[in-house]
Amino acid sequence: EPSAMEVTIRAAGGNGIAPFEAQLDGGKEGDAYQEMVDYFYYAQLRAQGEDSTEPRRITGRVPLTELGNLMRAVGYYPSERELEEIMQEVRMSRAAIEQQDDTIGFEDFLRLYINHRPVLGISKEQIEEALKTLGGAKLGRDELMRMLQVQGEALTPDDLAQCLRALVGVADIEQICPSQVDSKSFAEGVLGFEDYA
């Protein structure tokens, strides 16, 4: 009987957003949750213009176009195609309830993150395999930058600089990577992984 199953699911997982909060490290009281809240509020400010001197309106919603930045800020790096599919999912669910709003609230963001993030983080082997795909276990820094701009979902120089600024605070790869880049130097210097052995 479906109603009995729904009762069991609710009892095991909770109602509303609680099951999603519980899937974060530390739950609602953990650092991961608080970081998500902080990034979400920053995205609201960013959407209104970071350099604005006008009074800010905190509406509890951000434009759907900020979803990629939010996901990346909390450690999930969807491809542009994956991101477009996630945004299309939101648009379709809104159309089903005849809502034309192109924004998301924090609970929407949390649900999307939990439902779409990889179950396991990026492994050492995946980074090594990605470098091998680009040309070898060790690449010249300039060659890596060139490959990122022409392979797969190619990045423009401006997009690449923006990604670097978001990840490490500087747009110049020379400041963070040695002239020869291997998986360890990329993981630690660019992605910020700790204890990458």
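This is a predicted model: local features need pLDDT of at least 70, side-chain atom pairs count only at pLDDT 80 or more; totals for chains, interfaces and linings use all residues.
Visitor: Which residues have the most contacts inside the largest nonpolar core?
Guide: They are Met36, Leu67, Phe106, Phe109, Leu110 and Tyr113, in a core of 26 residues. A nonpolar core is a set of buried Ala, Val, Leu, Ile, Met, Phe, Trp, Tyr and Cys residues joined through side-chain atoms within 4.5 Å. Buried means under 20% relative accessible area, exposed over 50%, and partly exposed in between (1.4 Å probe, protein chains only).

Visitor: Which elements give two or more residues to this core?
Guide: These are H3, H4 (67–73), H5 (80–96) and H6 (106–116), and H6 gives the largest share, six residues. Helices (H or I, at least four residues) and strands (E, at least two) are DSSP runs, numbered from the N terminus.

Visitor: What is Met36 in contact with, leaving aside its neighbours within four places in sequence?
Guide: Met36 is in contact with Leu24, Val74, Phe106, Phe109, Leu110 and Tyr113, where contact means heavy atoms within 4.5 Å. Another core, of 15 residues, lies apart from the largest one and has Leu164, Ile173, Val181 and Val190 among them.

Visitor: Turning to H8, which of its residues are buried?
Guide: In helix H8 (residues 141–150), the buried residues are Arg141, Leu144, Met145 and Met147. They lie on the same side of H8 because they cover an arc of only 160° around the axis, taken from the directions from the helix axis to the C-beta atoms. Their cover includes helix H7 (124–134) and helix H9 (157–168).

Visitor: How many salt bridges are found in the whole structure?
Guide: The search finds nine, a salt bridge being a side-chain nitrogen of Lys or Arg within 4 Å of a carboxyl oxygen of Asp or Glu. One of them joins Lys184 and Glu188 (2.7 Å, N to O); these two are four residues apart in helix H10, and so about one helical turn apart.

Visitor: Which parts of the chain does the pair of Asp102 and Arg91 link?
Guide: This salt bridge (3.9 Å, N to O) links distant parts: Asp102 is in the loop between H5 and strand E2 (103–105), and Arg91 is in helix H5, 11 residues apart.

How values were computed
Residues are numbered from 1 along each chain as its sequence is written. Side-chain values use heavy atoms; hydrogens and water are left out.
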